Amino acid sequence: MQSQGVSLLVTSESSGSLLLESKILPDTPYQKPKDTLIVWSEAENHGTALSFQEAAGCQKIWEDICRVQGKDSLVSITQDLLNDVEISEETLETDNMDDLPNCELSELENIASFVISAFSSSDSKRKVASILENENYIKKLLQLFYSCEKLGYTEGLYHLHTIIKGILFLNKMSLLETMFSDECIMNVVGCLEYDPASPQPKRHREFLTQNAKFKEVVPITACKLRQKIHQTYRVQYIQDILLSASFVMEENSLSALKTFIFLNKLEIVHMLQRDDNVLPQVFTQLKAKSTNNDKRHELILFFKEFCTFSQMLKPQSKDALVTTLTQMGILPTLKTVMSLDDLQIRSAATDIFSYLVEHSPSMIRKFIIEEAQQNEEGNLLINLVIKQMTCDTDPELASAVLIMELLRYLLDPDNMLITPKCERSRFLNFFYKQCMHNFIAPLLAATSRDILEKDRIFGADENNKNCFNNYQTAHLLSLILEMLTFCVQNHTYYIKHYILRKDLLRNVLILMRSKHTFLVLCALRLMRSMIGLKDEIYNRYIIKGNLFEPVVNVLLDNGTRYNMLNSAVLSLFEYIRAENIKSLIAHIVEKFYKKLEGIEYVQTFKGLKFKHEQEKNRKSQVQKRLNSMANSKLRFRSAKVLEEKGICFKGNIEEGEARMPPLENDIQDVYDTFMDIKKTKENEDKVNLCKRTSSGDYKFTFSHSAGAANETDSPVAICIGPGAAFCGGSGPTILQQSRAFAYGPQLSAFLCLRVHYSNNRETIDGKKSFEPHRLPYWRRPLPVIIFPVFVYPKWCLSFRPISFSASLSSPGAFLPSQNTPGAVLQSSRTFTTTAHGHS
């Protein structure tokens, strides 16, 4: 309630959104027909009713309204107490209406005139309504109906028709309760049969008593519930049949009648919810295999109508109802019904499922996940719903459209915000693993190679349900593409993984060959959504698959026609240019610019070319700067080395031991000395390389002899012959502990050994170890890998096989993955390594 502005505000308990804002005007009549109901009319043809769950809340609002209008809260209508100060001519006229004609046959014409005069003003209507409430006047009028019909008094029957119709439009709830009571309602229907505009009376009573059969799908033992169901049906008959043709313009003024029906439906729902027999019997019979389709059809329609009535409940009452239905097993029952072949039964079950999803999507998701954990056969409720969508036989796909909205609601992350994050990931992971393939099955079927090959040879068969030129199939595919677009925009990780794994965009772009423009636009919209994410993974996927080709072909085939398709394609390319997506710009310009350069009525493609040239120039400038920096650094290092060598040479001269700097021949001599030592050690230590074991593996062994016996620290170099490559460890730590070089062109990686030792640089014959990668290219042995290892007398190294597969196009070292095992020191005088499956 707002005191400033004098407004009545109604807000939603769940979302807090504003549902109703109504200004409380001084002359607006408010009625309180029940302890929990307030009714008023804001305009001539617009009525409003507020229903409260508790009488105390209704009374509080009623007191506020009466205080604003300056009325006593004890009254049931705020405008009954007229303000003596504001007496108008209209008020004076209504004062003359106090004398109500006697309820007699001779006064029927005067009574009809009296009721008709009430519609001259709102005050007159309220005055007449209040007069008719007194002394059971309506019941006496309806008793005259029998007399008129018995006497054949047709003119009196016409007057009664006018009187009863006028009373219905007075919008007085207390009058309607009297007219629709069990003893009066059939007389009201009888009076409405004698329309003066109709030459012959209608037979409404005959239809209600003889043709309209009340069928109990399950036994209803509560008498009050049965009576309420009968009453509601008859009142709806009065509203929908009697008042539908001739009173179309006046139907909006029947606010009290609509409120009466609304309250009756709410009461029926509450009665059924409290009944311990009706709903459980419905679920039991729906799931029973012995129930025939006719009986099951009646049961599902009964429950559908019950769910329709339940939509009128307040959020709290609806929550309680859904909880009750869930405990009774509503979802397993729907699963049983949806697996049937009867189309009408499945359609009704889909409608019921939609009510549950709209109210509590989290409850549906929870059931689906639990069902998937318990059911290993894959016969899941969600898959049955998807099948209902893909197999919809309706040319307009009404059921498919509804199911698509339900799936969108279930998959919308915004509906999962109130749930734990793990539940969101669990449901999406489940859907993409166990449901998505069923969802896109029509798409894959329509774009399969067999269908495309048949269309190419025999021409497109539009009667084929798998052909995307068939209108119904194209409509279904458009719904699927809209859903995929929604997933791209909201399920970044899951849909990306699925599209890349299934190469799904390629199938989607095949649909751009369809003759239906709406389907081509849906395919283009999906691609536009993927590019709009500016994800380089999507961009590389599009470039690698050359997936812009169908888009370019569609643009060229469309020619110079200025239509929606032309605008959509140009908008896609303009977006790429405006956002400067470099990888896509380079691909489009390099692959398609020659085809597109003739399109000059827009500057998009020239702009793409300009952006591409700009990027090429920028990269060229960057490369030049990098080369210049590298050359400067190299010259600086060369000057520093020469300076150091000059200082060393000068010092040797002063000592009388002039020595020349080492030349390439000296390095080669060191290498030859090293190879001689290696061959000698091979003979002494009996190195047996590449023995094949019984299991088919290769085993390398080394027995330490001379050095170990003499307890001397002699350096040993181990060489692996052609066809080997070195892998120097996993991570920076191992790299600091090992030093080895692979050199020679075109080395193929067949065996990878890891070396673990303490020294970073080793010595051979008292000299510094050579570095083969510094040798001139033409002086390098081909191809050899050298492991200079400093072996101690009581220790040796054990090597483990490392999984590795690569090839070298230039000299260098390889690094294994971070998960490869490291070298381990062992107290043994042999070391062994095994290379699985390599020669």
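In these legends, a residue is buried if its relative accessible area is under 20%, exposed if over 50%, and partly exposed in between (1.4 Å probe, protein chains only). The model is predicted, so local features need pLDDT of at least 70 and side-chain atom pairs count only at pLDDT 80 or more, while totals for chains, interfaces and linings use all residues. Residues are numbered from 1 along each chain as its sequence is written, and side-chain values use heavy atoms, with hydrogens and water left out.

**View 1**
S198 sits in the loop between α8 and α9, and at 13% relative accessibility S198 counts as buried. Helices are DSSP runs of H or I with at least four residues and strands are runs of E with at least two, numbered from the N terminus. A polar atom of the S198 side chain is 2.7 Å from the backbone oxygen of Q200. Such a polar contact is a pair of N or O atoms within 3.5 Å; within protein, one must be able to donate a hydrogen and the other to accept it, and residues adjacent in sequence count only if both atoms are side-chain atoms. E193 belongs to the loop between α8 (185-191) and α9 (204-211) and is buried, at 4% relative accessible area. The E193 side chain has a polar atom 2.9 Å from the backbone nitrogen of R205. Beyond neighbours within four places in sequence, E193 touches P201, K202, R203, H204 and R205, where contact means heavy atoms within 4.5 Å.

**View 1. Helix α3 and its buried face.**
Look here for L108, I111, A112, F114 and V115, the buried residues of α3 (residues 108-117). Down the axis of α3 they fall within an arc of 160°, so they line one face of the helix; the arc is that of the directions from the helix axis to the C-beta atoms. Their cover includes α4 (122-132), α5 (137-151) and α6 (154-168).

Within α28, Y538, N539, Y541 and I542 are buried. They span an arc of only 160° around the axis, which puts them on the same side of α28. Among the elements covering these buried residues are α25 (492-502), α26 (504-510), α27 (517-532) and α31 (582-596). Just after α28, N546 has a positive phi of about 55°; N546 lies in the loop between α28 (536-544) and α29 (549-558).

Most residues other than glycine have a negative phi. N171 is not a glycine, yet its phi is positive, about 55°. N171 lies in the loop between α6 and α7 (173-179) and is buried, with a relative accessible area of 10%.

**View 2. The second largest pocket.**
This pocket holds about 1200 Å³ of space. Of its 32 lining residues, L50, S51, F52, Q53 and K314 are the closest to its centre. A pocket is an open set of points on a 1 Å grid over the protein atoms alone where a 1.4 Å probe fits, with protein on both sides within 12 Å along at least five of seven lines; lining residues have an atom within 4 Å of a point. Grid points are joined across faces, edges and corners, and the volume is the space filled by probe spheres set on the points. Helix α11 gives the largest share of the lining, six residues.
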